[in-house]
Amino acid sequence: MTATQILILIAAYFGVLILISHFTGKNDNNVDFFKAGKKSPWYVVAFGMVGASLSGVTFISVPGWVESSQFSYLQVVFGYMFGYFVVAYVLLPIYYRLNVTSIYEYLLDRFGVVSHKTGAFFFFVSRVLGAAFRLFLVAIVLQQFVFDEWHVPFEITVVISILLIWIYTNKGGIKTIVWTDTLQTLFMIVSVCLSIYFINKAIGWSFSEFLASEDFKEYSKVIFTDSFLDRTHFIKSFLGGMFITISMTGLDQDMMQKNLTCKTLKDAQKNMVSFSFVLVFVTALFMALGALLFIYSKANDITIPLMDGSPKTDLLFPEIALNSGLGLTVAVTFMLGLIAAAYSSADSALTSLTTSYCVDFLDIENRPIELQKKLRKKVHIIMSIVLVLVIIIFKHVLNKNVIDSLLTVAGYTYGPLLGLFAFGIFTKFKINDKLVWIVALCSVIITAIIGNIPSENLGGYVVGYELLPINGLLTFLGLILIRSKKG
């Protein structure tokens, strides 16, 4: 597939999204932008959330991770599933009872202004980094397979990517995203299924023959219980995954904003539970695709693509789809899936960052009516610029597998949120609100120190995704130290 063909496909794809935004963004008001008028069908939200949760990171990075870690990531996903039930039956009832626009308004109601701002700040940092990770991944693919051919700098590629998102989210916000996410999820799932079908066909296998092959068995180990010291041990992965979901979904304005557009709490809970089952199945498909990619690359002497002189397994899927002679159908479906996966999470991230900043920091709902819309639009532009700058920085500092980097960073940035919400929900204590930011900062610093202790100093124990609950526990203990009296 040529660079010109890819560019035409991207233009057509965004033409469809802009058309959707035209119909969903007609009102162009803050109620629709922030809450979609609380009229979203739960099944539409559930299906769209699959794409937003998986994102471009899953689409490319999870298959690229299979060679080094086999199917160990599924252990984390099983933990995700349990975490979604906690979100559905512990957190969602609180958000609906308080009728919040930003979920961090709960911290204002429970503790005070400083806790509210601290929670919103950690979300802001978490979501900027998370969205930038995801967009960085799609930007490097576009750069490698499209814009390098035309000698377009990486920085311009990033600006174009963010500009396209801004165009179709500028008016409708979350109301537009609920519907565009549905289309994007469909494209992504169709893409991975067709890729599996055509690669198997090229090898001469049916899908069942692929699953039964000895080649597949080399990659398909799911449960790792050999050594608790290893970071991929089942218990560590499962618990890490559970807390990642509670934090990165239940305590994340981006993911919760979609759920809060449902008409009722019951609808939102149905959305969350059904979504959790679908996510496990779809992630397993991606893992199977990853094994197939490495089998196919070895059979056809396809080398791992280089980025800045180093092998980058994240680029194996695009290399095979676009350059290995599998045909135009595979190339087209890959690009559609990639674009859909990347932008289904990035567009909602931009909208949620705008929402949180407007509500949590600017108190937009108490501003004069005539200024609210103008303020929201200015913030939307500023958030776009912030994402551009962070993605460009990643180009020069990121050297690990993207999904591994994303989950590692989550352990640092979502920990204080986990501790704050847990303390608020499971205790009746009041706290010295002015000291909350100090507790949160100290928790992150201590967690960072723990995460960087060499394994040989811990008897061979490798710290993994359990950093997140450790961080949350440290925050919880710190809040106990600054408690004042029972409510």
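Leu418 counts as buried, because its relative accessibility is 10% and the cut-off for buried is under 20%. That is our way into this structure, which is a predicted model.

**Starting point: Leu418**
- You'll find Leu418 in helix 18, which covers residues 415-426.
- Leaving out residues up to four places away in sequence, Leu418 touches Phe243, Ile246, Ser247, Leu251, Leu468, Pro469 and Gly472.

**Two helices side by side**
- Helix 4 (residues 73-98) packs against helix 11 (residues 234-250) at an angle of about 35°, and the two axes are 7 Å apart.
- The crossing of helix 4 with helix 11 is right-handed.
- On the helix 4 side, the residues making the contact include Gln75, Phe78, Tyr84, Val87 and Tyr95.
- Helix 11 brings residues including Phe234, Ser237, Met242, Ile246 and Thr249 to the contact.
- Sorted by class, this contact has 14 nonpolar residues, 8 polar ones and no charged ones.

**The largest nonpolar core**
- The largest nonpolar core has 152 residues, and the members touching the most other members are Tyr95, Met272, Met335 and Phe421.
- Which helix gives the most to this core? That's helix 13 (residues 265-299), with 18 residues.
- Zoom in on Met272 and you'll see contacts with Met49, Tyr84, Val87, Ala88, Leu92, Thr249, Met256 and Asn259, not counting residues up to four places away in sequence.

**Thr185, tucked away in a helix**
- Thr185 sits in helix 8, which spans residues 174-203.
- Is Thr185 buried or exposed? Its relative accessible area is 0%, so it is buried.
- A polar atom of the Thr185 side chain lies 3.2 Å from the backbone oxygen of Gly48.
- Setting aside residues up to four places away in sequence, Thr185 touches Phe47, Gly48, Val50 and Gly51.

**Ile364, buried in a loop**
- Ile364 is in the loop between helix 15 (328-361) and helix 16 (369-397).
- Despite its place in a loop, Ile364 is buried, with a relative accessible area of 0%.
- Apart from neighbours within four places in sequence, Ile364 is in contact with Asn30, Phe34, Cys358, Val359, Gln372, Leu375 and Arg376.
- Ile445 is another matter: Ile364 and Ile445 are 81 residues apart in sequence and 32 Å apart in space, C-alpha to C-alpha.

**Two loop residues with positive phi**
- Asn99 isn't a glycine, but its phi is positive, at about 55°.
- Look for Asn99 in the loop between helix 4 and helix 5 (105-110).
- With 47% relative accessibility, Asn99 counts as partly exposed.
- His151 also has a positive phi, near 60°, and is a residue other than glycine.
- The loop holding His151 runs between helix 6 (113-145) and helix 7 (154-169).
- Why does His151 count as exposed? Its relative accessibility is 72%, and exposed means over 50%.

Conventions:
Residues numbered from 1 in each chain as written. Predicted model: local features only at pLDDT ≥ 70, side-chain atom pairs only at ≥ 80, totals over all residues. Heavy atoms only, no water. Helix = DSSP H or I, 4+ residues; strand = E, 2+ residues; numbered from the N terminus. Buried < 20%, exposed > 50% of the residue type's maximum accessible area, 1.4 Å probe, protein only. Polar contact = N/O pair within 3.5 Å; in protein donor to acceptor, adjacent residues only side chain to side chain. Contact = heavy atoms within 4.5 Å. Core = buried A, V, L, I, M, F, W, Y, C linked by side-chain atoms within 4.5 Å. Axes fitted to C-alpha atoms, helices over the stretch in contact; angles between N-to-C directions. Left-handed = near helix turned anticlockwise from the far one by under 90°. Nonpolar A, V, L, I, M, F, W, Y, C, P; charged D, E, K, R; others polar.
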